[in-house]
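Colleague: I have not looked at this structure before, and I would like to understand the terms used for it. Could you take me through them one at a time?

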There are 2 protein chains.
Amino acid sequence: MEMKLVLRFCDRRPGEGVADITQLNPKQIRNLIRKGKWDKPTAGLAMGNAQANLVILPEKYAFDFLLFCQRNPKPCPLLEVLEPGKFKTELMASNADIRTDIPRYSIYRRGKLEATVKEIKNLWEKDFVTFLLGCSFSFEEALLRAKVPVRHLEENKNVPMYITSIPCKPAGVFHGPMVVSMRPLPPDKIVPAVKITSRYASVHGAPVHIGDPLEIGIKNIKRPDFGDPVTTKRGEVTVFWACGVTPQAVAMKAKPDFCITHTPGHMFISDLLNEELALF
Amino acid sequence: MEMKLVLRFCDRRPGEGVADITQLNPKQIRNLIRKGKWDKPTAGLAMGNAQANLVILPEKYAFDFLLFCQRNPKPCPLLEVLEPGKFKTELMASNADIRTDIPRYSIYRRGKLEATVKEIKNLWEKDFVTFLLGCSFSFEEALLRAKVPVRHLEENKNVPMYITSIPCKPAGVFHGPMVVSMRPLPPDKIVPAVKITSRYASVHGAPVHIGDPLEIGIKNIKRPDFGDPVTTKRGEVTVFWACGVTPQAVAMKAKPDFCITHTPGHMFISDLLNEELALF
């Protein structure tokens with residue numbers, strides 16, 4: 001069950017069922033979600049606005065997890081951290097309630113998925129610390145604008161993701177390998193892709209590896225650990241970026257007593273523009 | 001007393017007394033310091049290597065302070081954070097002991113300077129959390145290489161620093177205004193200076209303000225709050241960078257029961273090259 005959910009972590013298939021939701025602004029969408037009227041994936045919504053991954057942990061794990069993110073900024077790009085008990089975002093959106101404004105939440109006890117729910121008001125504790133982390137949706141939009149192909153979007157698939165042999169820097173109880181996403185590129189698009197994604201340091205940034213998958217411990221590029229395999233055309237090079245599955249996988253591996261995440265694909269939609277996340 | 005120390009926070013006057021210390025590598029210098037043979041400022045030592053500011057706080061303040069740094073990366077660029085009780089660096093140097101390898105430490109109780117000492121082994125507690133933060137020495141070297149003038153170095157002064165009206169984003173008990181350093185530049189050097197320092201995001205990064213000091217609440221450019229006034233020549237523009245005095249000032253303002261910092265100017269000399277801190 002966990003695995004299947006992770007598979008859809010970066011699911012991009014646009015939501016259906018609310019005819020004009022793609023025309024709504026972030027605040028309007030969060031309102032719909034808050035009222036329980038939208039509990040589907042958020043890909044394709046509020047295009048141009050940053051979406052974020054969610055991890056909520058009891059305070060006793062918070063320093064270690066914050067430190068893990070600080071030490072591993074590429075897979076764990078922190079966009080906002082709320083103090084213990086706070087559930088209103090301050091930087092990413094005005095007046096957003098983290099307990100209700102995400103379409104679906106996954107509840108984990110000791111690393112095991114217990115349920116998915118539409119709100120967490122009744123589960124909320126005063127010592128909960130909320131972490132919002134960047135997502136590669138933001139830089140993919142920039143790649144497309146520059147005519148750099150994004151294969152899984154072309155093929156209407158989920159991005160292929162792989163567990164690598166690159167260790168994250170451990171912090172307290174949190175440790176584990178880096179998970180990466182892969183986008184195959186023709187050689188003349190590699191430099192533009194590096195330059196563009198370098199600007200998005202707060203949403204995974206530049207690639208972590210270009211070329212032979214074996215170099216980072218990936219034995220079979222056709223069999224991603226999560227997501228879907230995509231076509232690598234003749235002459236194309238496999239390019240790998242740190243992936244936001246990493247912090248969730250690491251959090252689960254530590255088997256915290258309790259942990260809440262967004263249900264994969266069901267992200268927090270922020271008021272921040274992707275362009276505001278770009279460096280320089 | 002506190003003020004005077006802060007004045008010398010970025011003191012660059014090269015140390016004297018050990019004839020050839022400027023020729024030693026970081027490990028050799030740390031060894032001298034560990035043996036108590038060097039307790040002077042570190043400016044001018046191990047040129048090309050990054051030096052770091054030190055803040056040590058009991059664990060109960062650690063999450064708030066880490067969060068403060070996460071929210072204010074320009075004034076508080078974290079280079080390494082050690083888990084509670086750890087005193088060996090892992091990222092910035094191999095086999096460096098944070099309790100002995102800094103020339104001089106300042107001991108604060110409830111925000112008041114109590115003493116400066118040459119080592120802190122006898123003061124060490126199992127719940128101490130160590131924060132090492134970047135320093136503008138790193139980007140000044142890059143500016144000089146690109147023939148961008150650094151006035152306070154030309155005039156053999158300490159960089160002028162100012163308390164601004166720019167609020168830092170508060171976190172828990174930590175809050176306060178951003179402190180900035182100022183370097184006047186001829187107009188044709190502004191763009192190169194922005195580009196160069198932008199690469200050094202882990203050591204304060206791009207300027208926070210260019211032009212009229214009043215815009216950021218600085219009323220008299222000739223009277224810096226810390227450091228020395230420098231000459232602004234006709235036609236030059238005042239350019240302001242976030243300054244590493246900020247986290248120390250903020251830590252003191254919160255009046256923690258206990259806090260240890262490096263004594264201003266007496267920095268941690270790391271094995272990292274400044275160039276390794278540059279982005280891209």
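This is a predicted model: local features need pLDDT of at least 70, side-chain atom pairs count only at pLDDT 80 or more; totals for chains, interfaces and linings use all residues.

Colleague: Why are H4(A) and H6(A) called oblique to each other?

Modeller: The axes of helix H4 (residues 137-145) and helix H6 (residues 190-198) of chain A come within 10 Å and cross at roughly 135°, where axes are lines fitted to C-alpha atoms, for helices over the stretch in contact, and angles run from 0 to 180 degrees between N-to-C directions. Angles under 35 degrees count as roughly parallel, over 145 as roughly antiparallel, 65 to 115 as roughly perpendicular and the rest as oblique, and H4(A) and H6(A) are therefore oblique.

Colleague: Which residues make that contact in chain A?

Modeller: From H4(A) come A:Phe139, A:Ala142 and A:Leu143, and from H6(A) come A:Ala193, A:Ile196 and A:Thr197, with contact taken as C-beta atoms, placed from the backbone, within 7 Å. By class these are five nonpolar, one polar and no charged residues (Ala, Val, Leu, Ile, Met, Phe, Trp, Tyr, Cys and Pro are nonpolar, Asp, Glu, Lys and Arg charged, and the others, Gly among them, polar).

Colleague: What makes helix H7 of chain A largely enclosed by the rest of the structure?

Modeller: Eight of the nine residues of H7 (residues 245-253) of chain A are buried, so the helix is largely enclosed. A residue is buried if 20 or more other C-beta atoms, placed from the backbone, lie within 10 Å of its own, exposed if 12 or fewer, and partly exposed in between. Among the buried residues are A:Val245, A:Pro247 and A:Met252, and H7(A) is followed by A:Lys255, whose phi is positive, near 45°.

Colleague: Why does B:Pro160 count as buried?

Modeller: B:Pro160 has 28 C-beta neighbours inside 10 Å, so this residue counts as buried. B:Pro160 is found in the loop between helix H5 (151-154) and strand E6 (161-167) of chain B, and its contacts, leaving aside neighbours within four places in sequence, include B:His152, B:Met182 and B:Val230.

Colleague: How do you know that a two-fold axis relates the chains?

Modeller: Chain B can be laid on chain A with an RMSD of 0.0 Å by a turn of 180° and a shift of 0.0 Å along the axis, copies being superposed by least squares on the C-alpha atoms of residues with pLDDT of at least 70 in both. That is the relation of a two-fold axis. The same surface serves both copies, since 100% of the contact residues of chain B recur in chain A.

Colleague: What does chain B bring to that interface?

Modeller: In chain B, 12 residues are in contact with 12 residues of chain A. The largest share of that side of chain B, five residues, comes from H3(B).

Definitions and conventions
Residues are numbered from 1 along each chain as its sequence is written. Chains are lettered from A and ligands numbered from 1 in the order in which they are written. Two residues are in contact if their C-beta atoms, placed from the backbone, lie within 7 Å. Helices (H or I, at least four residues) and strands (E, at least two) are DSSP runs, numbered from the N terminus.
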